[in-house]
Amino acid sequence: MLPTSRPRSQIEDGTTNGEAPTRISAVTKEESLPAFVACFVLPPKQAEILVSVLQEFLSNAEGPVPANFSTLSIAPTEDSAAVWLTHPEAAKCLGISTTTLYRCAEQQRIEFRKIGNRLEYRRSTLDQFKEQHVRPARRPRRQEV
């Protein structure tokens, strides 16, 4: 976890307008090292690559390495049940035309939700729909001699 504040030391601010010097807080020069903060939203595979590249860069860098760098984590990916696809994406996923998908939705053969004028389909429902519509392979006809 990154520190939220840096240690501060008291220094005097010498004013010349006749008032007594006042004390203010300032960061000491030894503790004012440059900082680098970054946030990336990447697919898990690319995130792992980026983390390994950054770790390698820091291990080869001169100077102190931040102790909290190891706290980098990759956020868990969304569950496929929580992913909703738009109508064209769902049609492409099923390998059918958008018109055929409209027909299935109209006949209530597939689950969907309607937000405004848009239809959305749950990814897990599309996968189940595909599994239910798998046809067995044909048996080859006997060849008579």
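1. Arg-113 has a relative accessibility of 31% and so counts as partly exposed. The classes used here are buried for under 20% relative accessible area, exposed for over 50% and partly exposed in between, with a 1.4 Å probe and protein chains only. A salt bridge here needs a side-chain nitrogen of Lys or Arg within 4 Å of a carboxyl oxygen of Asp or Glu.

2. A word on the basis: this is a predicted model, in which local features need pLDDT of at least 70 and side-chain atom pairs count only at pLDDT 80 or more, while totals for chains, interfaces and linings use all residues. Residues are numbered from 1 along each chain as its sequence is written, and side-chain values use heavy atoms, leaving out hydrogens and water.

3. Now the overall layout. The chain has four helices and five strands, in the order β-β-α-β-α-α-β-β-α from the N terminus. These are DSSP runs numbered from the N terminus, with helices (H or I) of at least four residues and strands (E) of at least two.

4. Of the 145 residues in the chain, 14% are buried. The exposed surface comes to about 12,800 Å², with 53% of it supplied by carbon and sulfur atoms; the areas come from the Shrake-Rupley method with a 1.4 Å probe, and for residues only the protein chains shown count as cover. Among contacts (heavy atoms within 4.5 Å) with a separation of 6 or more, 43% join residues 24 or more positions apart.

5. Back to Glu-120, which sits in strand β5, residues 118-122. With 8% relative accessibility, Glu-120 counts as buried. Arg-118 also forms a salt bridge with Glu-120, with closest N and O atoms 3.2 Å apart. In general, side chains of opposite charge can pair when their charged atoms come close.

6. What else surrounds Glu-120? Apart from neighbours within four places in sequence, Glu-120 is in contact with Trp-84, Leu-85, Phe-112, Arg-113 and Ile-115.

7. The whole structure holds three salt bridges. One of them lies in helix α4, where Asp-127 and Arg-123 are four residues apart, about one helical turn. The closest N and O atoms of Asp-127 and Arg-123 are 3.6 Å apart. Asp-127 is partly exposed at 29% relative accessibility, and Arg-123 is partly exposed at 31%.

8. The largest nonpolar core has 13 residues, of which Ala-90, Leu-94, Leu-101, Ile-110, Tyr-121 and Leu-126 touch the most other members. At least two core residues come from each of α2 (87-94), α3 (98-106), β5 and α4. The largest share, four residues, is from α2. A nonpolar core means a set of buried Ala, Val, Leu, Ile, Met, Phe, Trp, Tyr and Cys residues joined through side-chain atoms within 4.5 Å. In soluble globular proteins, nonpolar side chains tend to be buried together.

9. Not counting residues up to four places away in sequence, Ile-110 touches Leu-94, Leu-101, Cys-104, Ala-105, Tyr-121, Thr-125, Leu-126 and Phe-129.
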